[in-house]
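Subject: Model for your files

Hello,

Please find the structure below. My notes on it follow.

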Amino acid sequence: MFSLRIGLLAEGGFPFAAGESPGWCDRLVRGLAHHEFDVFAFAVDAAQESSGLVPLPPQVRAVHVAPLWRPAPGERRYGRAERRRFAEHFAELAGALAAGAAGEEPGQDRFASGLYGLAELAREAGGPGRALRAEQAVRILERACRAPGAHPVVRGARVAELLAVAAHLDRALRPLGTGWYAEGGASLAAADLCHALSGGPAALPGLLARRFFGTPLLVTEYGVRLRRHYLESGRGAYAGGSVTVRTLVAAFHRRLAAETYAEAELVTPGNAHARRWALRLGAEGHRLRTVYPGMDAARFTEADDAAAAGSPTGEDGAAGADDMTLVWAGRMEPAGDLVALLHAFAEIRREEPAAHLVVAETGPPAPAHAGYRDHCRALAAQLFPDEAADAHAVGASPVSFAEVGEPALPDRAAAYAAGGVAVLSSVVAGFPVGLVEAMFCGRATVSTDVGAVREVIGGTGLVVPPRNPRALADACLALLRDPARRARLGAAARARAMELFSAQRNVGAFGGIYLELASRAPATAQAPALPHPFAHPPEAHLLAAPAPERDRVGAGPVLEGADR
Amino acid sequence: MTDGPRATSDPRTRLPGGETGEPPRPTPAEDLAEALEEAFGPPAAAPSAAAPSDRGADADAARPASPAAPGKAGDRPPDGRAAPAPPEGREQAADTLAPPAAAGATAAAGGPAARPSAGAAATGHMPPPAADSAPAAPAAPTPASAGPHPQAGPGAVPSDPAGLLPTTSARAPARGRAGGGRRGPADPVRGLMYRHRDLCRDAVDPLEIAAGLEAHGVTDRTAVRYRHRDVFSLAEEMYVRTRRPAAAPPAPAGPEPRTRLALLAHLLPLGGGLLVLAAAGLDGRPQAALTAAGVGWAVVALVLGSQRGPLRVGAGLPAGAGLAVGWLLAYAVYGDWFLGELLGGATGVTRAPAVPYATAAALAGLTAAVLPAAAVARWFAARARGSLRDSRDLAEFRARVRPLLAAAVAAVLAVLVALQLVAAVAGPLFGRAVHEPAASASTYAAACALGALLFLARLLAVHGFPRAAAYGVAAACAAQVTALLLVLAARVPGLAALGRPVELLVAGPAGFRMATVPAAACGAAALALLAYAGRALTRASAHRKEHNEMTAPPLATPSSDDGGAR
């Protein structure tokens with residue numbers, strides 16, 4: 001099988017032991033064992049850098065780590081000529097950041113030229129960190145903010161704000177000084193393809209590799225990096241919430257995102273929601289391809305099998321106790337809107353006194369929302385007092401709270417198996433992981449119409465508007481009362497999940513994309529010893545092939561009419 | 001499902017994208033109505049709410065067309081744009097015509113946005129409307145509820161309008177208002193802007209508002225209610241319509257935490273100085289030992305004090321800088337005696353070193369100056385940071401900081417001079433007559449110069465110029481060493497001329513003033529550092545702090561919104 005060298009570009013998370021564990025990256029690397037991977041990772045804080053790496057399979061040849069949180073140790077002071085070059089390129093970049101009010105953005109080319117100019121300088125003379133911390137950078141920023149055509153907000157920038165912007169740019173441009181762009185060694189030059197695991201800083205080395213070596217760039221965005229920046233850079237984030245600083249910093253990230261979307265060969269958003277952002281920032285539709293995140297289905301299949309064995313098929317209509325149970329799984333946070341579900345359940349109980357609700361906590365709530373959990377428990381106790389079958393039995397509340405990991409609910413699959421209908425009542429969601437898990441378990445679902453829910457569920461479950469307990473209750477009642485439909489929907493949901501959200505499909509999609517991108521890019525000059533796919537035009541394998549044109553020797557196949 | 005009010009609300013369960021409540025078959029009439037509407041779009045001038053278009057019949061969504069609403073003209077049905085007033089009249093008309101029907105119909109609005117995906121659903125089919133129209137019938141028994149409305153085109157199909165379309169929760173308040181005869185707000189975006197007023201005010205561009213709205217659960221479907229194609233265009237309108245205050249200067253940062261420990265640490269060197277002073281009353285070996293102990297104490301205390309507080313230096317201080325400072329201190333203690341021996345004694349240094357009272361007192365004054373110097377450094381840093389906030393450009397900042405720097409140096413000099421004066425005056429109180437006033441004066445001057453040099457060097461190092469600071473201190477050391485070597489070399493026959501400059505320097509009208517050598521060396525170095533500081537410390541970048549409140553926040557780990565990335 002042909003082997004490609006993939007440069008995996010990551011920021012935080014994979015492959016560090018500390019940080020959100022993005023299992024999909026690990027599955028990707030393990031699933032495409034016939035390719036070779038070089039991981040280029042940015043550590044976002046000290047703890048992460050010192051945490052070590054997750055165990056990696058042998059196809060990962062090397063892991064190069066660069067810190068974003070501190071200056072690179074090798075930074076040196078620029079000489080006179082280098083300072084002049086720096087001033088020129090940084091002025092371009094600063095001009096592009098300061099320019100332009102809302103609306104159509106002029107100056108994207110200025111941004112690109114400044115960015116790549118700085119990158120070339122950094123490639124030859126080391127990262128621009130020291131120059132960005134010096135007075136010269138502040139002076140250039142000041143001039144850019146005072147220039148005609150500058151954004152009105154930044155015109156009155158004060159010195160402190162300019163310093164803050166320079167400090168942020170110092171950090172944001174650290175990927176330039178990593179030394180990954182030299183020929184040979186720990187370099188992106190050897191990669192046939194760069195795969196950025198997220199947008200933003202992680203994609204920056206990919207952009208530069210594309211610039212320097214013509215390496216095709218693939219950007220996967222499961223969460224929109226720019227959106228995350230906006231959410232985190234809100235009031236109080238910089239300089240006590242200085243609008244000027246946030247404007248300039250947001251301009252940098254916005255333009256970097258736009259540049260990424262414009263330059264990447266292919267962007268693979270994880271859902272239509274991420275896709276909208278890419279489109280909004282100027283990505284071309286034909287360079288966007290949604291690749292749904294994959295999840296490990298094996299954990300959930302047992303629950304489904306159990307459900308298939310135990311559940312009534314509907315003819316008899318005798319619903320077991322389990323089948324009158326609703327399951328809600330997630331973290332008890334306001335975004336989950338458990339209160340709405342409790343109110344809905346009150347209505348359900350009025351109609352169906354046998355109904356039960358299992359609230360399975362998949363993790364502790366964020367410290368800021370700890371009170372919400374108590375509130376929910378208190379509300380449940382208020383709405384649903386303990387009930388007993390007769391005068392001699394011990395009563396229990398129809399709403400039971402459990403944490404995943406307890407003996408009764410060892411894992412999430414068990415949580416979903418505990419009930420007949422899975423409910424997702426959240427008011428905010430990106431990609432609804434819990435919903436996909438329920439689908440894998442073959443559960444009929446009722447979910448609120450938020451985020452990517454509609455896209456995920458397709459027609460295999462009920463969708464109600466968010467913040468509408470009565471609609472939620474009605475939908476749940478409809479499913480509780482109709483076992484046949486429940487089974488039908490559950491089976492359909494499971495089939496859909498297996499088709500769209502399995503890990504194999506995800507890995508397979510990326511494998512195909514790798515080959516496709518490699519086939520479109522000209523083969524690199526330095527041919528490795530291994531046979532390289534698409535290194536020779538197909539005609540080379542024919543006996544009576546026409547002599548290739550001189551300028552096409554060694555070049556990849558030219559696909560006329562292909563949508564480049 | 002039997003009571004009337006419940007019945008009218010039931011359509012909400014039949015939702016876009018999913019299977020529906022009960023599975024009765026859609027009647028041909030309803031299919032026809034749906035097909036008609038899909039073919040011709042929402043009825044343009046539907047005066048009856050029975051033919052609901054999400055936006056046209058949306059009474060609460062009708063508002064005057066805002067001038068700042070990019071990208072939404074196309075989204076709006078003609079009637080909504082042309083005449084903001086009609087919806088209310090329409091609603092009233094519906095009310096008077098058939099109140100129950102109007103209620104039901106308004107409740108049924110809001111479907112079109114959701115419909116395409118309903119069609120795309122794999123197994124889902126359009127909600128069969130008859131499901132709840134049957135229970136609805138008792139609640140709305142008038143023929144008008146199901147009968148044809150003369151004004152409505154597609155709505156004229158004899159069917160239950162309430163069951164025609166699925167609805168969203170937003171219609172619930174609309175229904176309530178229709179029933180109560182109240183009007184909705186004319187401008188729904190205004191309400192949204194009010195709800196998210198902090199977000200709108202602080203946003204730096206429309207995308208930030210879009211991100212914030214999405215984080216609050218606003219989706220493209222919701223945006224349709226505000227007559228926008230998507231959240232982005234809604235956010236653009238909100239961004240443009242928000243009135244923002246002029247950018248305020250950054251909030252002043254709180255003062256550096258002042259720890260009692262740092263205060264103590266800066267007082268500690270005085271103990272060493274007092275030890276040396278006490279030693280001056282002794283003779284011979286005890287004096288040497290006590291003096292060494294005092295100097296050692298002072299050095300340790302200085303090192304401790306510079307670990308925190310306003311004199312803390314980050315990385316970058318050359319290793320030799322500490323040695324140079326040590327040499328300067330040692331010279332301050334024994335340098336004068338050593339130079340005197342070199343100049344006077346022909347046979348080399350043999351006598352036990354002695355520290356006269358003046359030297360000890362000068363040293364004690366110097367150690368006492370550490371605390372005021374730290375306070376001045378702190379004041380200078382704080383004021384300079386304040387100027388950073390207030391200055392509108394770099395030139396202004398320079399103009400503000402230059403007098404600050406001059407004041408700081410002057411203050412430290414004044415403190416030094418005052419302390420040395422105190423030391424000189426206190427001499428007789430200890431019963432120690434000052435034998436040579438001129439020599440003592442030069443000693444006090446040398447102490448002042450040394451103090452100024454050390455202060456300037458530390459100030460430069462604290463603000464990011466450790467190399468320059470080290471050079472300044474090293475230059476003073478070099479000058480002192482050179483003076484000693486010159487005197488030594490002058491003993492070589494024929495090279496006596498080498499010693500002349502030093503001899504001239506120390507020769508006074510009333511005897512030798514050995515301390516002029518360190519005074520000259522340290523003074524010259526201090527002046528050079530002052531000149532350098534005048535340029536370097538008036539730069540804005542000198543007052544950038546590595547980890548202050550101005551730097552970027554740490555990048556958070558991917559949020560749970562990254563959904564699949566786990």
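How much space lies in the second largest cavity? The answer is about 140 Å³, where a volume is the space filled by probe spheres set on grid points that are joined across faces, edges and corners.

Before the rest, the conventions. This is a predicted model, in which local features need pLDDT of at least 70 and side-chain atom pairs count only at pLDDT 80 or more, while totals for chains, interfaces and linings use all residues. Residues are numbered from 1 along each chain as its sequence is written, chains are lettered from A and ligands numbered from 1 in the order in which they are written, and side-chain values use heavy atoms, with hydrogens and water left out.

Cavities

The search of the whole structure gave 14 cavities of 30 Å³ or more. A cavity here is a set of points, on a 1 Å grid over the protein atoms alone, where a 1.4 Å probe fits but cannot get out; lining residues have an atom within 4 Å of a point.

The second largest cavity is lined by 16 residues, and those closest to its centre are B:A332, B:T443, B:A446, B:A447 and B:L450. In chain B, helices α17 (320-344), α18 (357-368), α21 (437-462) and α24 (516-536) each supply at least two residues of this lining. Helices (H or I, at least four residues) and strands (E, at least two) are DSSP runs, numbered from the N terminus. The lining has 12 nonpolar residues, three polar and one charged; Ala, Val, Leu, Ile, Met, Phe, Trp, Tyr, Cys and Pro count as nonpolar, Asp, Glu, Lys and Arg as charged, and the others, Gly among them, as polar.

B:Y532 is in α24 of chain B. B:Y532 counts as partly exposed because its relative accessibility is 29%; buried means under 20% relative accessible area, exposed over 50%, and partly exposed in between (1.4 Å probe, protein chains only). Its C-alpha atom is separated by 9.6 Å from that of B:A469, 63 residues apart along the chain.

Surface patch in chain B

B:L268, B:W297, B:V300 and B:L304 form a nonpolar patch on the surface, with about 350 Å² of accessible area together. Nonpolar patches join side chains of Val, Leu, Ile, Met, Phe, Trp and Tyr within 5 Å, in residues with over 30% relative accessible area and no salt bridge (a side-chain nitrogen of Lys or Arg within 4 Å of a carboxyl oxygen of Asp or Glu). Areas come from the Shrake-Rupley method with a 1.4 Å probe, and for residues only the protein chains shown count as cover. Helix α16 (residues 284-305) gives the most to the patch, with three residues. B:L304 is in α16 and is partly exposed, at 43% relative accessibility.

Chain A helices

Helix α17 (residues 433-440) of chain A has seven of its eight residues buried, among them A:E437 and A:F440. Just after this helix, A:G442 takes a positive phi of about 75°.

A:V507 lies in α21 (residues 503-520) of chain A and is buried, at 10%. A:V507 and A:R30 are 477 residues apart in sequence and 9.1 Å apart in space, C-alpha to C-alpha.

A:D337 has a phi of about 50°. It is in the loop between β7 (325-330) and α14 (338-351) of chain A, and is buried at 12% relative accessibility. For B:R227, phi is near 65°. B:R227 is in the loop between α13 (220-225) and α14 (231-241) of chain B, and is buried with a relative accessible area of 1%.

Regards

How values were computed
1 Å grid on protein atoms, 1.4 Å probe; cavity = no way out; pocket = protein on both sides within 12 Å on 5 of 7 lines; lining within 4 Å. Patch = residues over 30% accessible without salt bridge, like charges linked within 9 Å, V, L, I, M, F, W, Y side chains within 5 Å.
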